[in-house]
Amino acid sequence: MSHFSFQPVEAFRSLSQRVLQVFLASVFLIFLAAGASAQGSAMRLPVDPEPLVAVTAAGEVRFDIEIADEAHERQRGLMFRQSMPQDRGMLFIFPAEGRQGFWMQNTPLPLDLLFVAADGTVRAIAPGTPFSTASISPDVESQFVLELVAGTAQKTGIEVGDRLRHPRIEAAGAQ
């Protein structure tokens, strides 16, 4: 009598391991592709319910703002943003006053950068050139930076020495 040995359990286990490996590799590639895709997309933060008000010699100007107050939000900012309404801005909030530095790599939108003290005083206004890797870091200390579409500061009359009002700025100035 011949002895026939078939081991279906071992064959199934081997096949299952290969299927699992292929599945995990596929999932990894999908997440990798999604991450690469997200790197090139614009971050959109919710518009704050309170407008930011610039108090200028000509009067008050209101802006709807997105607030970047987390490190990853400040790092991403307006990268990849193709357009933004003239009455919109992004307010970057830093934990404390210091010399802030920005660059425009991956930012196709020309910007005005307003460097603002803890009390809301505009200390410097600098242009942001699309896709530039040059540092934008005026020799002033600021706790906030407001990014607006290029030319907005001039059109609305915002100048160095003017004040910005917003609950988040007022909270920092009270400390």
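**Note on the structure**

1. Seven salt bridges are found when the whole structure is searched; the term denotes a side-chain nitrogen of Lys or Arg within 4 Å of a carboxyl oxygen of Asp or Glu. The model is a predicted one, in which local features need pLDDT of at least 70 and side-chain atom pairs count only at pLDDT 80 or more, while totals for chains, interfaces and linings use all residues. Residues are numbered from 1 along each chain as its sequence is written, and side-chain values use heavy atoms, with hydrogens and water left out.

2. One of these bridges joins Glu-60 to Arg-165, with 3.1 Å between the closest N and O atoms. The two partners come from distant parts of the chain: Glu-60 belongs to strand 2 (residues 59-68) and Arg-165 to strand 7 (residues 163-165), 105 residues apart. Helices (H or I, at least four residues) and strands (E, at least two) are DSSP runs, numbered from the N terminus. Glu-60 is partly exposed at a relative accessible area of 45%, and Arg-165 is likewise partly exposed, at 34%. Here buried means under 20% relative accessible area, exposed over 50%, and partly exposed in between (1.4 Å probe, protein chains only).

3. A further salt bridge brings together the side chains of Arg-168 and Asp-69, at 2.9 Å from N to O. Because Arg-168 lies in helix 4 (residues 167-173) and Asp-69 in the loop between strand 2 and helix 2 (71-76), this pair ties together parts that are 99 residues apart in sequence. Arg-168 is partly exposed, with a relative accessible area of 35%; Asp-69 is also partly exposed, at 26%.

4. Asp-139 and Arg-99 form another salt bridge, their closest N and O atoms being 3.9 Å apart. Asp-139 sits in the loop between strand 5 (122-128) and strand 6 (142-149), and Arg-99 in the loop between strand 3 (88-98) and strand 4 (111-116), 40 residues apart. Both Asp-139 and Arg-99 are exposed.

5. The largest pocket has a volume of about 210 Å³. It is lined by 16 residues, of which Arg-74, Gln-75, Phe-92, Phe-102 and Trp-103 are the closest to its centre. On a 1 Å grid over the protein atoms alone, a pocket is an open set of points where a 1.4 Å probe fits, with protein on both sides within 12 Å along at least five of seven lines; lining residues have an atom within 4 Å of a point. Grid points are joined across faces, edges and corners, and the volume is the space filled by probe spheres set on the points.

6. Which element supplies the largest share of the lining of the largest pocket? Helix 2 does, with three residues. By residue type, the lining divides into eight nonpolar, five polar and three charged. Ala, Val, Leu, Ile, Met, Phe, Trp, Tyr, Cys and Pro count as nonpolar, Asp, Glu, Lys and Arg as charged, and the others, Gly among them, as polar.

7. The structure holds three aromatic pairs. The rings of Phe-94 and Phe-102 have centres 6.2 Å apart and planes at 85 degrees, so this pair is edge-to-face. Rings of Phe, Tyr and Trp (its six-membered ring) pair if their centres lie within 6.5 Å; planes under 30 degrees apart count as stacked, over 60 as edge-to-face and the rest as tilted. Phe-94 is buried at 15% relative accessible area, as is Phe-102 at 10%. Phe-102 also pairs edge-to-face with Phe-115, at 6.1 Å centre to centre and 85 degrees between the planes. Phe-92, Phe-94, Phe-102 and Phe-115 make up one aromatic cluster.

8. Phe-80 is located in the loop between helix 2 and strand 3, and Asn-106 in the loop between strand 3 and strand 4.

9. Ile-93 is part of strand 3 and is buried, with a relative accessible area of 10%. Beyond its neighbours within four places in sequence, Ile-93 has contacts (heavy atoms within 4.5 Å) with residues including Asp-69, Arg-74 and Arg-168.
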